[in-house]
Amino acid sequence: MANYLVTGAAGFIGSALAKDLILKGNTVVTIDNLSTGKESNIPTGCKFIKGNTYDKDIISKLDDYSFDAVFHIAGQSSGEISFENPIYDLSTNTASTLLLLEYCKKHGVKKFVYASSMSTYGDHEEELVDENSKTEPKSFYAVGKLASENYMRIFSSFGIQCTALRFFNVFGYGQNLDNLKQGMASIYLAMALKDGHIVVKGSKDRFRDFVHVKDVVSACELAITIPRDEKFDVFNVANCRKIKVEYIIKTIQSNIPGTTVEYILGTPGDQFGIYGKNDKIRHKLGWNPTINFEEGMKDFIEKTKTYFQN
Ligand SMILES: NC(=O)c1ccc[n+]([C@@H]2O[C@H](COP(=O)([O-])OP(=O)(O)OC[C@H]3O[C@@H](n4cnc5c(N)ncnc54)[C@H](O)[C@@H]3O)[C@@H](O)[C@H]2O)c1
């Protein structure tokens with residue numbers, strides 16, 4: 001049994017991770033400001049500190065705890081929102097990382113795992129990227145994620161094993177259907193369930209690499225359990241599969257017949273598409289994705305089809 005801090009456990013990925021860690025007999029504390037998360041998502045047994053991860057007073061509330069690892073999952077996850085409020089994005093996604101790394105250094109926490117993003121790569125002529133591919137962020141959000149990785153690289157020299165997991169498009173049951181600025185699959189699904197009509201911002205030929213939330217949880221856990229020499233590592237968490245927007249829509253339409261679609265202008269900083277090699281995480285951490293896009297979407301739709309009916 002171990003003690004963990006999982007920031008953002010009121011959100012989609014953080015709640016799934018915290019729940020699994022608690023199920024496995026561990027103790028979990030979370031900090032969440034409930035900006036996009038819901039208190040009801042925080043799993044039973046998880047100690048909840050309400051506040052901002054970029055607030056020193058909130059971080060000082062952790063002084064009485066002793067953690068075996070910190071999973072920094074909380075953050076705002078929309079490129080679009082980072083253009084509306086770049087300073088908030090910097091605080092919430094990057095200053096928070098720095099504060100938590102300082103906390104780890106001060107309190108001797110040995111492992112730090114961060115929810116980074118495929119957006120750090122930007123667009124590439126080579127659509128298939130690995131961890132050595134050039135990073136050229138196209139949004140302030142992606143700039144902040146890459147900066148966090150660099151803070152981690154430096155803090156790893158202070159004895160903290162730092163792992164940046166570059167999540168590709170995470171999807172699955174538990175994604176917030178009320179937030180139409182975050183999560184491609186959940187945005188389209190919410191529109192289909194609510195209005196029977198999907199409005200797509202941007203081209204139908206854009207594509208993403210979808211990874212199921214359960215597989216993301218296992219990547220987070222493997223990052224702290226598999227022994228390795230490197231003090232700093234970056235891993236793609238991807239299925240290595242290119243899925244076009246058009247295919248997402250077709251998948252939803254086949255599960256919810258009669259759904260119509262309309263394409264309008266895209267949003268600033270939106271990536272056209274890349275997909276991720278996953279050889280490194282497979283070989284070094286023994287990670288194996290277990291749920292494909294079709295199965296994951298079917299399950300997501302089954303469990304949420306009455307969501308907007310009350
Ligand atoms: N979902 C994806 O496809 C994806 C892809 C790449 C990276 N990520 C990253 O993974 C992380 C989790 O994403 P998610 O999809 O679960 O989003 P989410 O919005 O469902 O969860 C984020 C949680 O963090 C909380 N939060 C946000 N800012 C905070 C702050 N300053 N202090 C305290 N709590 C704060 C929110 O209230 C929410 O509960 C984010 O950092 C995101 O950038 C997600």
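**Reading packed helices**

Reply: Happy to! Keep in mind that this is a predicted model.

Me: How is a pair of packed helices described?

Reply: In general, two packed helices are described by the angle between their axes and the distance between those axes. Here, helix α6 (residues 184-195) packs on helix α8 (residues 245-255) at an angle of about 40°, and their axes are 10 Å apart. That angle makes α6 oblique to α8.

Me: Which residues of α6 and α8 meet?

Reply: From α6 come Met184, Ala185, Tyr188, Leu189 and Ala192, which meet Val245, Ile248, Ile249 and Ile252 of α8. Sorted by type, the contact has nine nonpolar residues, no polar and no charged.

Me: At what angle do the axes of α4 and α5 cross?

Reply: They cross at roughly 15° and come within 9 Å. Angles under 35 degrees count as roughly parallel, so α4 and α5 are roughly parallel to each other. Their crossing is right-handed. The residues in this contact divide into nine nonpolar, five polar and four charged.

Me: What covers the buried residues of α5?

Reply: The cover includes α3 (79-84), α4 (86-107), β5 (111-117), β7 (161-167) and β12 (232-237). Among the buried residues of α5 are Tyr141, Leu146, Met152 and Phe155. Helix α5 itself has 16 residues (140-155) and reaches 23 Å from its first C-alpha to its last, close to the expected 22 Å.

Terms used:
Residues numbered from 1 in each chain as written. Predicted model: local features only at pLDDT ≥ 70, side-chain atom pairs only at ≥ 80, totals over all residues. Heavy atoms only, no water. Helix = DSSP H or I, 4+ residues; strand = E, 2+ residues; numbered from the N terminus. Expected span 1.5 Å × (residues − 1). Buried < 20%, exposed > 50% of the residue type's maximum accessible area, 1.4 Å probe, protein only. Contact = heavy atoms within 4.5 Å. Axes fitted to C-alpha atoms, helices over the stretch in contact; angles between N-to-C directions. Parallel < 35°, antiparallel > 145°, perpendicular 65-115°, else oblique. Left-handed = near helix turned anticlockwise from the far one by under 90°. Nonpolar A, V, L, I, M, F, W, Y, C, P; charged D, E, K, R; others polar.
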